Amino acid sequence: MSFERTDRRSSDQFSGALRDAINARGLSLARLHEMLRSRGNGVSMATLSYWRSGRRRPEGVQSLAAIAEIERLLHLPPGELTARLGSTNRTGPIGPNQFPMNEQELERAVRDAFAALGAEYPDTARELTTHSVTDVDASGNVAHCATRSIVQATIGTLTSIPLLELTPGEPTPAPIITAVSGGRIAARYSHPNGEVHGVLFELDSPLAAPDTTVVEWAVDYPPDYPPQRETGHAVAMKCRELLVWTRFHPDAVPDHITERVDTPQGTTTTASDIDGRTSVAQIRRGFGPGALGLNWSFDDGR
């Protein structure tokens, strides 16, 4: 019952602040909805109405992204509305914290990367919900990846998160990792083996367990980066929802795709045809520890 009362108070604080901010700007809810939609956020009018009335509170990475956008549209300081939500207790069991793949050499390199970045291993941050979106260019290779995640502190106070790019068995130059929202890049590291590159993502403000925040980062690839025809995302603890969405250029829709699922116990692959689709969305709930990925190929030999 105490959890319910806490959620109710947080919801009332949030809805009241949202109403006041909308009124202060002299906007209608329909106008706010239109402004959000023009910026690519598809939150519905009904949902906005529920949030304003306090009948519902924002949950999920897309909803929290909408709140961050509303703060910008209403000229509020970052976090003015999200700070009033409080923490959610509907996160499910944390489960074990394990290296997501059965790759001992790679795990040793990851440990080295954590140490070089000044991060504790294993990472105590938990990804509750993560959406990773990869865009494939006209040549059929990965061009850009954007990831947005709700992160929870599981122990103590969290001030930064290590973010790594792994290419097992394939040395590469460092990709270009940038902070989009929720923090800044405080340090960078590339392992001598060329298979592990990463950054330390410093949060905008400290995060005390079990609170959550939303972070977003992007990865681009320099001209000398080897062609990549696979993508994916790994989590060290069970997450509530993981989405890996791969979007193909109209001139580079592959003929074949293979889903790959790595876990600490081993790897499974499932091959199929793409059947005319221009994108593939892999969705898992209650996933991890593990890695979810996709690779693709073409019949014309490109």
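Predicted model: local features only at pLDDT ≥ 70, side-chain atom pairs only at ≥ 80, totals over all residues.
Colleague: Why is Asp275 called exposed?

Modeller: The relative accessible area of Asp275 is 66%, and a residue is called exposed when this value is over 50%, so Asp275 belongs among the exposed residues.

Colleague: What makes the phi of Asp275 worth a remark?

Modeller: Phi of Asp275 is near 55°, a positive value in a residue that is not glycine, whereas most residues other than glycine have a negative phi.

Colleague: Where does His75 lie, and what is its phi?

Modeller: His75 lies in the loop between α4 and α5, and its phi, near 60°, is again positive although the residue is not glycine.

Colleague: How do you know whether His75 is buried or exposed?

Modeller: Its relative accessibility is 56%, and since exposed means over 50%, His75 counts as exposed.

Colleague: What makes the peptide bond between Tyr121 and Pro122 stand out?

Modeller: The bond that joins Tyr121 and Pro122 is cis, with omega about -5°, and Pro122 itself lies in the loop between α5 (104-117) and β1 (125-136). Another cis bond runs from Gly288 to Pro289, with omega near 0°, and Pro289 is found in the loop between β12 (279-287) and β13 (290-297). In general, most peptide bonds are trans.

Colleague: How do you know how the radius of gyration of the protein stands against that of a compact globule?

Modeller: For 302 residues a compact globule would have a radius of gyration near 19 Å, and because the protein has 20 Å, the value agrees with that expectation. Along its principal axes, the C-alpha trace spans about 60 × 45 × 35 Å.

Colleague: Which residues touch the most other members of the largest nonpolar core?

Modeller: That core has 22 residues, and Leu18, Trp51 and Ile70 touch the most other members. The elements that give two or more residues to this core are α1 (2-25), α2 (29-38), α3 (45-53) and α4 (61-73). A second, separate core has 16 residues, including Cys145, Ile177, Val199 and Leu207.

Colleague: What makes you say that Leu18 is in contact with Trp51?

Modeller: Contact means heavy atoms within 4.5 Å, and, leaving aside neighbours within four places in sequence, Leu18 is in contact with Trp51, Arg52, Ile70, Leu74 and Leu81.

Notes:
Residues numbered from 1 in each chain as written. Heavy atoms only, no water. Rg over C-alpha atoms; globule rule 2.2 N^0.38 Å. Core = buried A, V, L, I, M, F, W, Y, C linked by side-chain atoms within 4.5 Å. Buried < 20%, exposed > 50% of the residue type's maximum accessible area, 1.4 Å probe, protein only. Helix = DSSP H or I, 4+ residues; strand = E, 2+ residues; numbered from the N terminus.
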